[in-house]
Amino acid sequence: IKKVGVLTSGGDSPGMNAAIRAVVRTCAYHNIECIGIYRGYQGMIEGDFKEMGPRSVNNIVNKGGTILKSARSVEFRTPEGRKKAHENLLKAGIDALVVIGGDGSFTGGLIFNSEYGFPVMGIPGTIDNDIYGTSFTLGYDTALNTVVDCIDKIRDTASSHNRLFFVEVMGRDAGHIALNAGIGAGAEEILIPEEDLGLDRLLDSLQKSKASGKSSSIVVIAEGDKIGKNVFELKDYVEANLPEYDVRVSVLGHMQRGGSPSCFDRVLASRLGMKAVESLLEGKSNYMVGLKEDKVVLTPLEQAIKGKSEIDRELLRVSDIMST
Ligand code: ATP
């Protein structure tokens, strides 16, 4: 391996810049060249490349988003698109790829590898923490802290007005953010995609909470919760059934994806970026680097894509008992 290409793809997440920096500097350390590829696979197809040296990643370890930009490329899903991308890589002398993204990005990388035998290494970058083979994805810890921060602020107003707040957080298929931020912020109930709490139990729990002397409550709801109603329908339902409650809704939205990465995410990005490059130099390909039991480990990309990252069910019990 003489020249590594690095790209960010799919949804951005805090820590992607720190990972780019780690890849670039590890390449420099080992005296190999590094090329930044802009806008994910779309930039690969368009030849949107830039040489990167250790000084081109100064002052980005603390920045959210991605300096390489991200994109969702429809063209890369076609054999013609991937052919163009391959030609551009060859022209630029790039002989290995580090893909920072989610499982869609890894799928693209794997297909590209199967067609052209191009070495690919994945770094999991998504706030959802929904990738198999790592206990933490880049940006997840930062997103948790952002959500907890927001809920703390919402709690101030909730308790001043004796209100019930429904806070919707990201997580279409995974409840990691809702569950952990919910516990961290002291939520009354947490609704996640993995478990159907049921409307009756929600009403029951809110009633009990009122009876026990709580004057305000926060319910954290993942976008993809299983209860079968969106957050506004749920507000109407609860108000219709428990008229004593005055419900407000807060949808946190994209702010959860932004912001300066936490120290944890910066360290994680540095460790994963270093391991990705050094694994390529050892001749490895088609793996994702991840963190398990505080060790950096490799998981075959195929497993990372197919496997499911489960929630820790013990946390459901923790949440239950904490809301007593
Ligand atoms: P996020 O978790 O934020 O959604 P992701 O990496 O899963 O991130 P996707 O939009 O699913 O995001 O995938 C990113 C890009 O990877 C796509 O825009 C496409 O270019 C490429 N890709 C995804 N699936 C495939 C596929 N089956 N074949 C070829 N390329 C793919």
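Which residues of α4 are buried? Select helix α4, residues 103–116, and you'll find Asp103, Ser105, Phe106, Gly108, Gly109 and Phe112 buried. Buried means 20 or more other C-beta atoms within 10 Å of a residue's own, with C-beta atoms placed from the backbone; 12 or fewer is exposed, and in between is partly exposed. Helices (H or I, at least four residues) and strands (E, at least two) are DSSP runs, numbered from the N terminus.

A word on what you're looking at: this is a predicted model, where local features need pLDDT of at least 70, side-chain atom pairs count only at pLDDT 80 or more, and totals for chains, interfaces and linings use all residues. Residues are numbered from 1 along each chain as its sequence is written. The average pLDDT (the predictor's confidence in each residue, from 0 to 100) is 95.

Stay on α4 and show its surroundings. Its buried residues pack against α2 (40–46), α3 (79–92), β4 (96–101), β5 (120–124), β10 (287–292) and α10 (301–306); contact here means C-beta atoms, placed from the backbone, within 7 Å.

Next, select aspartate 128, in the loop between β5 and α5 (140–161). UniProt's unreviewed entry puts "active site" at Asp128, in the numbering used here, with feature names shortened and annotations that may be inferred rather than shown by experiment. Aspartate 128 counts as buried because it has 25 C-beta neighbours inside 10 Å. Leaving out residues up to four places away in sequence, aspartate 128 touches Met170, Gly171, Ala174, His176 and Ile177.

How values were computed:
The expected span of a helix is 1.5 Å times one less than its number of residues. Two residues are in contact if their C-beta atoms, placed from the backbone, lie within 7 Å.
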